There are 4 protein chains.
Amino acid sequence: MIIVLKPNPDQKQLEALKKWLSDQNLTVHDSLGVNNTVLGLVGDTTAVDTEMLRAMSIVQDVQRVQEPYKCANRKMHQTDTVIDVGGVKIGGGSFQIMAGPCSIESEEQISEIAVAVKAAGASILRGGAFKPRTSPYAFQGLREKGLEMLIKASRQAGMPVVTEIMDISQLPYFEDVDVIQVGARNMQNFELLKELGRTDKPILLKRGFSATLTELLMSAEYIMAGGNEKVILCERGIRTFATDTRNTLDLSAIPLLRRMTHLPIIVDPSHGTGIRSLVKPMALASAIIGADGLMVEVHNHPEKAWCDGQQSITPETFADVAKCVRDVLPYRCREEIE
Amino acid sequence: MIIVLKPNPDQKQLEALKKWLSDQNLTVHDSLGVNNTVLGLVGDTTAVDTEMLRAMSIVQDVQRVQEPYKCANRKMHQTDTVIDVGGVKIGGGSFQIMAGPCSIESEEQISEIAVAVKAAGASILRGGAFKPRTSPYAFQGLREKGLEMLIKASRQAGMPVVTEIMDISQLPYFEDVDVIQVGARNMQNFELLKELGRTDKPILLKRGFSATLTELLMSAEYIMAGGNEKVILCERGIRTFATDTRNTLDLSAIPLLRRMTHLPIIVDPSHGTGIRSLVKPMALASAIIGADGLMVEVHNHPEKAWCDGQQSITPETFADVAKCVRDVLPYRCREEIE
Amino acid sequence: MIIVLKPNPDQKQLEALKKWLSDQNLTVHDSLGVNNTVLGLVGDTTAVDTEMLRAMSIVQDVQRVQEPYKCANRKMHQTDTVIDVGGVKIGGGSFQIMAGPCSIESEEQISEIAVAVKAAGASILRGGAFKPRTSPYAFQGLREKGLEMLIKASRQAGMPVVTEIMDISQLPYFEDVDVIQVGARNMQNFELLKELGRTDKPILLKRGFSATLTELLMSAEYIMAGGNEKVILCERGIRTFATDTRNTLDLSAIPLLRRMTHLPIIVDPSHGTGIRSLVKPMALASAIIGADGLMVEVHNHPEKAWCDGQQSITPETFADVAKCVRDVLPYRCREEIE
Amino acid sequence: MIIVLKPNPDQKQLEALKKWLSDQNLTVHDSLGVNNTVLGLVGDTTAVDTEMLRAMSIVQDVQRVQEPYKCANRKMHQTDTVIDVGGVKIGGGSFQIMAGPCSIESEEQISEIAVAVKAAGASILRGGAFKPRTSPYAFQGLREKGLEMLIKASRQAGMPVVTEIMDISQLPYFEDVDVIQVGARNMQNFELLKELGRTDKPILLKRGFSATLTELLMSAEYIMAGGNEKVILCERGIRTFATDTRNTLDLSAIPLLRRMTHLPIIVDPSHGTGIRSLVKPMALASAIIGADGLMVEVHNHPEKAWCDGQQSITPETFADVAKCVRDVLPYRCREEIE
């Protein structure tokens, strides 16, 4: 960490600052220039509050040199983390597709889709039981009943499931769930993240609408600091002025995250664009750019879907997407990133 | 609601659509143009899922004419809602200032600040006990103990308190809290909102980093639909490319929200800018533009604050801000907005 | 175009509006609902000013059904436009790579790079002579002299060139330039666009930092309406809150633009990310997603580049990028988009 | 300027870097920490290309301590710049209102509005002759003829004028124009800025849709470096995800700019919001927050305006706005900003 002081700092305040830094087990190197003094801190600065430093009247600016995340940091864990989900390996060179409906609507619906997406190449079944909806008047999901239907369908089809949790109080219902999803709106629901850090379930953590990559990794750090290192990151689009798509899918995040962290990274092209016809091109781009997998919304009758039908594709289209993705996998850009 | 159909829609699908709309108790008026047919829907469309309509292959676009929120809608409730917080009235022409530290750090700290801000003109004491921090390694607040200190200090100073809740499970500790704050990161924590809708406490709901005004009102609607109509809205800055300030405080939201809703609206210039010297100018602008109040971070020793010191002002500066705000109140822009 | 009227519109104003619309050769269909009247306009609404309509006190909202661009519209020109640049075909299924330095620095530099990028697979040489720089104190390009060096190098290497114009007054120097580039900062320099519409040179039009796709096409329309239909669009990243990269490359724009327009679309992964190591992954993603080509910054000594060295790659790296791109071309997602 | 090196930098490259920095007349102070070496540069770094430094393989990060602008810098010119426009003083504590129509439409229209806005308190007449319009099919302004009408009306009314230039080639027509406006779309039309730097006319420079404050000041620097120090800055809204308003007016820019620069700063609440009813509240907020003036669109028949009618107010409403603004001027927040 580097602290740039204002010109001619008060010497008493400067001594107080240096003493406080030493008390944090940090070694301070100072470089006296003509205008500004620069303090270089050596040691573990992860817990140093840059805000507090910036608040001091003698400080002009503070800049981190070390990343503020540790468990998630690629530097601390050179090789890719591989997460085993009921025999399905995520990360480390494999490519897994999670597919299924936005909402679970009935036993028939989820069973039919499960069989179809498995046949087409999906390895994990997705489906929403607890649904975060902007409007309190919109369908909120079948909740516990939906979870039961999802698990039954997945066991019949022989594939693990991923589904979203919205609150700590729902955790007891997730005992048979294989991967617990934290949605974009809950990426900084820190109490939920801490609680999930105490479980041993794989967690799929979606990037918030306006989260930087460092913030995403800090949220992963909340889970990992609690002891649960099984975190899968998911890019699902950010909010920008560009409203031709529902969100702007930030594909450069994939190679950047691979450099920053050892955790697996998947892409959700359905929510990331909100437009059915963009799912295939964005899925291909995600595969080629080096993602570890995809999450895709598939519905047997998109026009009758209880939510997000506009971005759902049919099992037939999904089979085509999955095939084309498989075709490009040998050309994936997975080499070492400087 | 208006549905624009694609040219030459399939007649069978069109009949199915019309029937489905009638089943929702909506009357359909259609206007046949040369290229596009337009369906106009009459009735309560609040619960109609525009996504589902957009997913239909015969539909080109869907546009709401009615707002999707009801309880929060100014049209349904012409006069300003006034919320009584222990005798302090928020909304309807008054102007209230909530002030206090980002974090409660000790009994002495919060008591000293409480007395100081009250003397300077604050009517409600703020202070964080449960703290949402980006890093799991940063100070997370004194939690239950902090709440006790806050309430004790407020009772001694004779003013009500507002403080943030982060999870449903913390609700039992909030029994003596006067106003429960929902932070920007939890604006779409829908399970928490529903639970707060079952209480009878005033709720201060902060706008999310990337929330539109309609989304903010839909979150208020979650609380109100549960029966709790005491919602105070808070503009606290949005995330944009403009990084000279921590967030971009969107002051046009104040007159726009006053037109859209009858709920009181306050501004947080401390978080909204993240810069101490901007608190006063943005506070004055918020007052003149018609806000119902302010939330300001005040710390007796900003340079030693355990969080967000960079944006905290001293009690002396706060006294000056409060005085200048009072001076401009007679000139507030509160007239009817078309 | 659809005009939604406010409830109970003044009848005299409504008649005046209808008459005015008829005078514009538009047929008006009205649909009377219970709350709102909706007017549907049939005819060419390209020149109708939606702002003027929205300003009327009886109008609640105006929505275009037809796109406001004509010459650039895919509906008016179903097949892909193919632009011939000195024998190099851009659009219609081919894939062309434009490569070269950010700035032309000397005859040796540009000649050496020209030979290298041609050998590696580039078909068009790029290089900046007139340089838009944020600071007046930064290197502004070799200007006319740079253009001469560029053209000499390109003729020796046997490949056409693309280079940026910054002002109408520079046009005389561009006589031997094969493709004239309009930079992001000039995307809405309408006088320049009109002037370029009077030339018969191919124009490479870069998307502005904060331009929507419709605005990009309206700028293309400025050139095309003047008679020059040879416009190549270029996605080069938009400005968002996400500052891990210099810009956020919006790859979903490629399939969306292909649906909206018949013009060729290329991607600039160098400016789009500003980070050298992201050029290859973003180049591969651009190819697979259906772009018509790439524009890449290549410098023989990136560390000594006079500008944008951080995003320039060496000829050796470029050769690898070009080879990997060729490998994935058979898998491009170019099928018909609904 | 501070250069943070990567751990264990190549010593030969480091020596080369230090030599190059010395050759730029910069003194280098280095501080050797355990992990990273930090170089502190002393001297005039305005012309140092941070991009070139970042491109070096031994460099991890570069951070400016000095601002990259000189002429516009408050540090170089402590007192407010005051610009005299035909006797009207802009900056330094006065408050001036520029008002008039978006487009000049006829002699009658502009004359009538000129008289009305002057009577209501405007000191400078605005009116567009050369109009930047998104669509080539929209009205492009009366151009030279419009300028003549504008100047005639202003002379009759006895007030100076401000009007927009779109291209260098139009400069000869601006001889009798008092203030030349550079629109948001041309904020980085550097050739135009340089040319305006060679004139001695006051220039009103609008902030680009996605420009940072430093970029705005660098554009002012282009004009000032050419010798013309008469630059007036104008905040007119930035582009964000928040689409309830056409742009998001960034009022925190006013106090921030006052700290960064000595140039006068005005606000355009008409373009900044795009909504008529927001002009008054945003005008009042702009005045109270310390702006040096306003630019407001006024039209005698907003519903018949040839452009931007939705944001134009009538002369009657303008008179009310101007009066309310005058009332709050004594309470302006103009004190010294730390």
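Residues are numbered from 1 along each chain as its sequence is written, while chains are lettered from A and ligands numbered from 1 in the order in which they are written. In this predicted model local features need pLDDT of at least 70 and side-chain atom pairs count only at pLDDT 80 or more, whereas totals for chains, interfaces and linings use all residues, and side-chain values use heavy atoms, with hydrogens and water left out.

Between chain B and chain A, 52 residues of chain B are in contact with 52 residues of chain A, contact being taken as heavy atoms within 4.5 Å. The two chains bury about 4,400 Å² between them, of which 47% is on carbon and sulfur atoms; buried area is the accessible area (1.4 Å probe) that two parts lose on being put together, summed over both. On the side of chain B, Tyr137(B), Glu191(B) and Glu303(B) lose the most area to chain A, together 16% of what that side buries.

The count of salt bridges between chain B and chain A is 5, where a salt bridge is a side-chain nitrogen of Lys or Arg within 4 Å of a carboxyl oxygen of Asp or Glu. Glu215(B) forms a salt bridge with Arg239(A), with the closest N and O atoms 2.7 Å apart. Helices α2 (50-54), α5 (190-197) and α6 (213-225) of chain B each supply at least two residues of the side that touches chain A, and α6(B) gives the most, with 5 residues; helices (H or I, at least four residues) and strands (E, at least two) are DSSP runs, numbered from the N terminus.

Val65(A) lies in the loop between β4 (59-63) and β5 (83-85) of chain A, and it counts as buried because its relative accessibility is 14%. Leaving out residues up to four places away in sequence, Val65(A) touches Met1(A), Ile2(A), Val4(D), Asn36(D) and Gln60(D).

Helix α5 (residues 190-197) of chain A is mostly covered, with 7 of its 8 residues buried. The cover of these buried residues includes α6 (213-225) of chain A and α4 (143-157) of chain B.

Notes
Buried < 20%, exposed > 50% of the residue type's maximum accessible area, 1.4 Å probe, protein only.
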